[in-house]
Amino acid sequence: MSTAAENPASSSAPPAHVRVIASSQSWIEGEAVRQLEAMARLPGMRLAVGLPDLHPGKGAPVGAAFTSEGFLYPYLVGNDIGCGMGLWDVDLPARKAKPERWAAKLDLEGPWSGDVEGFLHEQGVKSSGFEMALGTVGGGNHFAEVQRVDAVHDAEAFAALGLAVDRLLLLVHSGSRGLGEAILRAHVDRHAAGGLVEDSAEARTYLARHDHAVAWGRANRALVARRVLDGIGAQGRRVLDVCHNSVTPCRAGGRMQWLHRKGAAPSDEGPVVIPGSRGALSYLVAPVGDGTGSAHSLAHGAGRKWTRTAARERMRERFTAESLTRTAFKSHVVCENKDLLFEEAPPAYKAIDRVVTDLVEAGLVRVVATLAPVLTYKTRSQGE
DNA sequence: ATGTAC
């Protein structure tokens with residue numbers, strides 16, 4: 001059998017190291033740490049790292065990275081295989097931003113009207129059967145956001161990325177839509193939360209599908225970006241694109257390991273953007289150090305503070321939906337699904353500044369620049 | 001997170 005829990009040899013292995021990278025000033029839910037510790041007891045697990053945006057998930061915590069030997073765990077990657085953040089440099093000066101006009105007309109619902117197969121081919125990605133969703137943002141915490149530069153902290157690194165203070169940027173957070181979900185479901189139907197023995201036929205099958213979903217998710221972000229850019233009449237250049245839900249092979253002290261990221265940005269692929277809520281700054285950061293103590297990973301966002309249910313109830317009591325379409329930064333929000341508008345409201349998230357400060361103090365990143373929201377696109381569909 | 005479930 002290829003299910004890890006059924007391999008008796010693995011139960012005698014030493015337990016994984018568990019590390020939560022967060023200062024005492026960062027509040028982390030007890031349940032999230034319990035989930036991290038539970039995952040650390042899985043067979044073959046070596047290191048379980050909670051980043052400062054650690055929060056409870058459905059079984060496995062979000063904002064965490066795990067290394068294992070001999071086994072890999074699709075359940076730790078989750079359903080949104082290949083989810084990540086892409087940043088585009090937009091060839092439009094910030095003073096030319098027309099957020100209210102763009103908010104009124106931008107529409108990324110439904111299939112793209114262009115040549116989807118041709119687009120995928122250009123990206124070097126095979127089609128998946130989920131192409132009707134290619135170029136759509138999705139639900140939950142996904143978004144496309146036009147941003148302006150708030151402040152530059154490292155002018156050299158900022159310039160090295162080809163960025164300019166007076167130009168707009170576009171940040172896209174989305175994943176592989178229904179594709180990753182289908183891949184995880186096929187695994188869970190047979191193995192529940194159990195892992196796969198590396199080099200087994202099932203592991204190879206999963207990894208091939210996983211790698212395809214990662215590539216397809218990246219292409220999805222590229223098409224979301226293209227649709228937004230077309231909508232605002234601009235061109236863009238992809239500056240970076242990183243995946244925060246994946247499992248990849250890596251070497252540790254000459255040994256082969258599997259690095260699982262569950263809402264954790266890579267620290268070994270150059271600069272990344274760590275977004276706050278739609279009403280907060282996003283941080284463009286450059287990784288520092290060799291990444292061995294942090295499973296080569298960083299926080300991927302602010303992390304939820306309130307559950308979706310609590311956010312809906314609390315925000316509904318105090319705010320009208322209309323008032324939530326503008327933020328403290330005077331930015332505009334397109335989210336015509338009211339439940340989602342309340343669930344993703346800025347108070348439902350932790351303070352991104354604290355999360356990034358924790359990473360800086362842990363010696364994991366240097367801040368390159370802060371980016372402010374101009375227009376956040378979530379959905380035009382009512383949904384209720 | 002999700003063409004969202006029996």
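Okay, let's start with one pair of residues: Pro249 sits across from Trp258, which belongs to β11. Before I go on, this is a predicted model, where local features need pLDDT of at least 70 and side-chain atom pairs count only at pLDDT 80 or more, while totals for chains, interfaces and linings use all residues. As for bookkeeping, residues are numbered from 1 along each chain as its sequence is written, chains are lettered from A and ligands numbered from 1 in the order in which they are written, and side-chain values use heavy atoms, with hydrogens and water left out.

So, back to that pair. Strand β10, residues 245–252, runs antiparallel to strand β11, residues 255–262, and eight bridges link them. (Strands pair if DSSP finds at least two bridges between them; strands, E with at least two residues, and helices, H or I with at least four, are DSSP runs numbered from the N terminus.) The hairpin has two residues between its strands, and Gly253 there has a positive phi near 55°.

Zooming out, β10 and β11 belong to an open sheet of five strands, ordered β1-β2-β3-β11-β10, with mixed pairing. β1 (17–20) and β10 are the edge strands with a single partner each, so each has one side without a neighbour in the sheet. From one strand to the next the twist averages 15°. At the β1 end, β1 and β2 (residues 45–55) are parallel and joined by four bridges, with Val20 opposite Gly50 of β2.

Now the helices. α6 covers residues 178–191 and α7 covers 201–232; their axes come within 9 Å and cross at roughly 160°. (Axes are lines fitted to C-alpha atoms, for helices over the stretch in contact, and angles run from 0 to 180 degrees between N-to-C directions.) That makes α6 roughly antiparallel to α7, a label for angles over 145 degrees.

Last stop, the DNA. Which residues are closest to DNA strand B? Of the 13 residues around it, Asn79, Phe130, Met132, Gly139 and Asn141 are the closest. (Near means a heavy atom within 4 Å.) Among the DNA strand B atoms within 4 Å of the protein, 60% are sugar or phosphate and the rest belong to bases.

Here are some individual distances. Asn79 has a polar side-chain atom 2.4 Å from a base nitrogen of DNA strand B. Gly139 puts a backbone N or O atom 2.6 Å from a phosphate oxygen, and a polar backbone atom of Gly178 is 3.0 Å from a phosphate oxygen of DNA strand B.

Note on methods:
A polar contact is a pair of N or O atoms within 3.5 Å; within protein, one must be able to donate a hydrogen and the other to accept it, and residues adjacent in sequence count only if both atoms are side-chain atoms. Angles under 35 degrees count as roughly parallel, over 145 as roughly antiparallel, 65 to 115 as roughly perpendicular and the rest as oblique.
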